[in-house]
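Visitor: Please put the structure up, and then take my questions one at a time.

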Amino acid sequence: MEAKVSRLRNFFQSIHIDRVLFLTSSFVLLFIELLLVERKHAIFSGGFGQSRVIDTIDEFVYFVPFLIIIHLSLATCIWILFRWLHRNQLNPLLFRLNWILIACGFFALTLNIKFEVLNYFSDAISWQLIQNLGGGSLLDAVLYGLDEGILIIVSIIIASVIYLFCIYWIRKYPANISITPKPILAGWRWVLPILSAPFFIFFASGGGIDVSYGLNKFTSYNLITSILDQATDFDNDGYGFFSLQIDRQPFDPSRHPLAYDIPENGIDEDGFSGDFIPHKIYSIPPTLKISTRHPPHLILVIIESARADILNKRINGKLVAPNLQKLAEQGSVVHESYSHTGYTTESLKSIFTGKLHPPDAGTTSLFYDLKAKGYRIGIFSGQPEDFGDISDTVGMRKNSDVYVDAETLKNERAFSFSAKGSLLVDESKLLREFEHKIAGNVSTWERPTFLYFNFQSPHFPYHHPGMENLTEPNPIPRNKINKENQAWVARTYWNAVAYSDKQLGKLVARLKELGVWENTVFAVTGDHGEDLFEDGYLGHGHIINSRQFQTFLVINKQGYSNLGPIGLRDYLGILYHAMGSPQTPEVARPIFQYMGSLETPAVIGMVDKGSVFTTLKLDTREVWFSDLNKRMQYDSLPEPLLMRADSLVYAWETERWLMRSQYK
């Protein structure tokens, strides 16, 4: 018996079981995180909303080995800590149990919270299941009703029960053999992972901004760089030597990347274009003044992700959006209309408030103004208007008489996912609610009415159950949307546009039947554009260009076609003027644009007549001139181009100055 035990002990020692445990658990967790990062950020495949892609051999050469090394460096430090905590523990089984269930379990819990893994599971339970509870799974029904926080608690309870059972088993049936955990690194070598991590991170940055972006999505890299960045932030301004944007003035807290440039203090805080000297106030949001006894009705239709080339777009010789085209021909169309951010939430806030940067809530807006003028207000939106605090910021729900959106019609959503950004209600259901709640009562139209419709069909994935196949008989399945199927993706998108246009035609026809069309200002626009892989991207808001940032404005009144280029914040003045307000619409040119937040954007840009773009990446100081098709470093620009880049920087500094002045 002793001989067998001895052979067993020698076997375990020969394979270094603890090293196998360490490497296996580390690589399994890294592989899981890799799958989650790819699912959420698409760092390899690209796709919707992704501008940074690791897709070249050089980038892979940097990314893969450095990711593994940095991950193992952090794992080794945690292993050493656990070894130290178990220094007086003779039973190696307890050490290994604690490593798997506590150390690895805590990391897995961190991944769940970071990527909302359990939320994917609970969201996948469809509403139809709840409607058919009698024949469905009770367990699934319970899971559907649980949010992610409760699921995490349940998971922790189950893991705790398993842990306690294992402790009981170890103590009740102690092993007859004692195997001392093999050290991963012995003696002074335990400091190697800690000391080498900064060098690995430094060399990894040589792979370019895409590699740094991809690595930054991983817990180990993010944690280590955060610690190193804090350690090298000598002036405590939030920037060190290991951030994506290097602090060029490490001992001056007033000067750092994205610093607010204080006006006329003689200091260039942000490192661009010298000291900021304000001398121009951009357009002031208009006020509504209607003198007529019979104020016109206002109907605003926003089509999600509606590109500027919708107008005149033909497939097989037929117009994709004939109803929109007819409105444009009879009224006005501004072809050069641009989003300031490329994102839905901020775009809608700009449309409704006439501002680039509205306050958090309670600001003057289209809803507050029209309510004060006695208008009845109806909301019919295919998206959840609480998403991104749109409703609270502009007073949408607060001022509405009828409120219908993807939350109130949650049981009729097109997809089963419950995350607010994934909700979508078909336009036909919005028109049904409009008929029941407003259109059917003719007498209610004696009161001036404002209706806001939000059509969501052209949003990714460009097709949903119940949508008619008007221009594409075989819409692309969601799991086949990729660069290789670009033409198929585009055909599916245009089919969604055609479907929204058909519902638009039904709305116009109904207004004419009701006899209210002649006294109605009817406007149609998009919140931004959409890239369909033409530039290597899918979606919107991740690169400033005409496809992602440009849309259109169509009004059923003449006289506005010559206003372009305009930004979404210019809409309010145009709509008020079309309704009879004497104030001439003001347009701030060039149109300022940004990605991220206005205070700390990743990219800023401006666009002028003819879709002439100038953009500046604030992390790499790279300037793009669309008309020249050139990308150049800001610090090496010749004088004429430097003046153009400085005009862009000045526009950004002005917007930040106005925003801070507004909040005072």
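**Helix packing, a buried helix and a sheet**

Guide: Helices (H or I, at least four residues) and strands (E, at least two) are DSSP runs numbered from the N terminus. This is a predicted model, in which local features need pLDDT of at least 70 and side-chain atom pairs count only at pLDDT 80 or more, while totals for chains, interfaces and linings use all residues. Residues are numbered from 1 along each chain as its sequence is written, and side-chain values use heavy atoms, with hydrogens and water left out.

Visitor: How are α17 and α18 oriented to each other?
Guide: Axes are lines fitted to C-alpha atoms, for helices over the stretch in contact, and angles run from 0 to 180 degrees between N-to-C directions. The axes of α17 (residues 427-439) and α18 cross at roughly 15° and come within 10 Å. Angles under 35 degrees count as roughly parallel, over 145 as roughly antiparallel, 65 to 115 as roughly perpendicular and the rest as oblique. The two helices, α17 and α18, are therefore roughly parallel.

Visitor: How many charged residues has the contact of α17 with α18?
Guide: Contact means heavy atoms within 4.5 Å. On the α17 side Glu-427, Ser-428, Leu-431, Phe-434, Glu-435 and Ala-439 take part, and they meet residues of α18 including Tyr-499, Lys-506, Arg-510 and Leu-514. Ala, Val, Leu, Ile, Met, Phe, Trp, Tyr, Cys and Pro count as nonpolar, Asp, Glu, Lys and Arg as charged, and the others, Gly among them, as polar. By class, the contact of α17 with α18 has seven nonpolar residues, three polar and, as asked, charged residues numbering four.

Visitor: How are α12 and α18 oriented to each other?
Guide: Pro-322, Asn-323, Leu-324 and Leu-327 in α12 meet Asp-501, Lys-502, Leu-504, Gly-505 and Val-508 in α18. The axes of α12 (residues 322-330) and α18 (residues 486-514) are 7 Å apart, at an angle of about 55°. The orientation of α12 and α18 is therefore oblique.

Visitor: Which residues of α13 are buried?
Guide: Buried means under 20% relative accessible area, exposed over 50% and partly exposed in between (1.4 Å probe, protein chains only). Nine of the ten residues of α13 (residues 344-353) are buried, so this helix is largely enclosed by the rest of the structure. They are Thr-344, Thr-345, Ser-347, Leu-348, Lys-349, Ser-350, Ile-351, Phe-352 and Thr-353.

Visitor: Is Phe-460 buried or exposed?
Guide: Phe-460 lies in the loop between β7 (449-455) and α18. Its relative accessible area is 18%, so Phe-460 is buried.

Visitor: Which are the edge strands of the open sheet of five strands?
Guide: Two strands pair if DSSP finds at least two bridges between them. The order is β13-β14-β15-β16-β17, with antiparallel pairing. Each edge strand pairs on one side only, and the two are β13 (591-596) and β17.

Visitor: In the hairpin of β16 and β17, which residue takes a positive phi?
Guide: β16 and β17 (residues 630-633) pair in the antiparallel sense over four bridges, and Trp-624 has Arg-631 as its bridge partner in β17. Four residues lie between the strands of this hairpin, and the one with a positive phi, near 55°, is Asn-629.
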